[in-house]
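This report describes the fold, the nonpolar cores and selected residues of one protein. Please consult the sequence and structure shown below alongside the text.

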Amino acid sequence: VDPGFDQVDGFVETWYDQSGNGNDAVQATASLQPKIVNAGSLLADGVTFDGSDDVLTSINSSLTNYTFAGVYTVKTIADNAGFLGKGAGGSDREFFVRMKSDGKVEHRVYSTGSSSTFDTIASSASAISADTTALIAGSFNGSTNAIRLDIDDTVLTATSSVGLYAGTSSLTIPSALGNEAHTAVAELLFYNTDESGKLADIKTNINSHYSIF
């Protein structure tokens, strides 16, 4: 396509880590790269994944604790479509965050890497809607098995019946555990520590910018 007509698409090969730790999210395969420009127009909702095979990968070190907070605008509500996760297949699963067919979200941790050893905390009331921006956050503490899931200003907490598998699969955006979500991601924070005590402030800062809730 002649770039003089501003009809080109733009894809993301590297989403740079702004923390200074160098944990960039990357995708070297062109056909798997998410889009940021469509037909010459910036996709205002953020880096947009097609829900088929687009995925970025980041850290692959073992985790004990973690915290995440992301700004997602889901384009298609689909069962078991992942937003964020670590691990893939049936024997190296660690955790993932995904939506269900009713738009509700679940946060699941695995204790042995096996697809059959897990515990889940799920949103019982707050569902996400297509083309509506949501702040999805949560955390896990490997010492106490405290698991948390936040959908906008709704906070759910529980004690997981299982611990977290210490694997070294890559962190993936969206989750590669099952189907990748058809979603745009404007911002994503990820910590390899339990920052649940700071999540309220983190969410306030994010919401002050995006006015999500």
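The sections below move from the overall form to single residues.

**Basis of the values**

The model is predicted: local features need pLDDT of at least 70 and side-chain atom pairs count only at pLDDT 80 or more, whereas totals for chains, interfaces and linings use all residues. Residues are numbered from 1 along each chain as its sequence is written, and side-chain values use heavy atoms, with hydrogens and water left out.

**Overall form**

The protein contains 1 helix and 18 strands; helices (H or I, at least four residues) and strands (E, at least two) are DSSP runs, numbered from the N terminus. Along the principal axes, the C-alpha atoms fill a box of roughly 60 × 35 × 35 Å. The radius of gyration is 17 Å, which agrees with the value near 17 Å for a compact globule of 213 residues. That radius is taken over C-alpha atoms, and the globule rule is 2.2 Å times the number of residues to the power 0.38.

Of the 213 residues, 43% are buried. Buried means under 20% relative accessible area, exposed means over 50%, and partly exposed lies in between (1.4 Å probe, protein chains only). The protein exposes about 9600 Å², of which carbon and sulfur atoms supply 46%; accessible areas come from the Shrake-Rupley method with a 1.4 Å probe, and for residues only the protein chains shown count as cover. Among contacts with a separation of 6 or more, 65% are between residues 24 or more positions apart, a contact being heavy atoms within 4.5 Å.

Strand β9 (residues 81–86) is mostly covered, with 6 of its 6 residues buried. Its pairings are tabulated here; two strands pair if DSSP finds at least two bridges between them.

| Partner of β9 | Sense | Bridges |
|---|---|---|
| β10 (residues 95–99) | antiparallel | 5 bridges |
| β17 (residues 179–180) | parallel | 2 bridges |
| β16 (residues 171–173) | antiparallel | 2 bridges |

A81 stands opposite M99 in β10 and also opposite N179 in β17. K86 stands opposite L171 in β16.

**Nonpolar cores**

In soluble globular proteins, nonpolar side chains tend to be buried together. A nonpolar core is here a set of buried Ala, Val, Leu, Ile, Met, Phe, Trp, Tyr and Cys residues joined through side-chain atoms within 4.5 Å. The largest such core has 33 residues, and Y66, F83, F95, V105, V109, I128 and I136 touch the most other members. At least two residues of this core come from each of β6 (47–50), β8 (66–74), β9, β10, β11 (104–110), β13 (133–141), β14 (146–151) and β16. Strand β8 gives the most to this core, with 4 residues. Another core, of 9 residues, lies apart from it and includes A69, A137, I202 and I206.

Leaving aside residues up to four places away in sequence, V109 touches Y66, E94, F95, T117, F118, D119, F140, I147, S160, V162, G163 and L164.

**R148, a buried arginine**

Where does R148 lie? R148 is placed in strand β14, and R148 is buried because its relative accessible area is 13%. The side chains of R148 and D150 are joined by a polar contact of 2.7 Å. A polar contact is a pair of N or O atoms within 3.5 Å; within protein, one must be able to donate a hydrogen and the other to accept it, and residues adjacent in sequence count only if both atoms are side-chain atoms. The R148 side chain also reaches the backbone oxygen of S196 at 3.2 Å. Residues touched by R148, not counting those up to four places away in sequence, include H107, I121, A137, V155, L199 and A200.

I173 and P174 are joined by a cis peptide bond, with omega about -15 degrees; P174 lies in the loop between β16 and β17. N80 counts as partly exposed because its relative accessibility is 22%. N145 is found in the loop between β13 and β14, and its phi is likewise positive, near 60 degrees. N145 is buried, with a relative accessible area of 16%.

A186 is in strand β18 (residues 182–191) and is partly exposed at 28% relative accessibility. A186 and D45 are 141 residues apart in sequence, and their C-alpha atoms are 6.0 Å apart in space. With residues up to four places away in sequence not counted, A186 touches W15, D45, G46, V71 and Y210.
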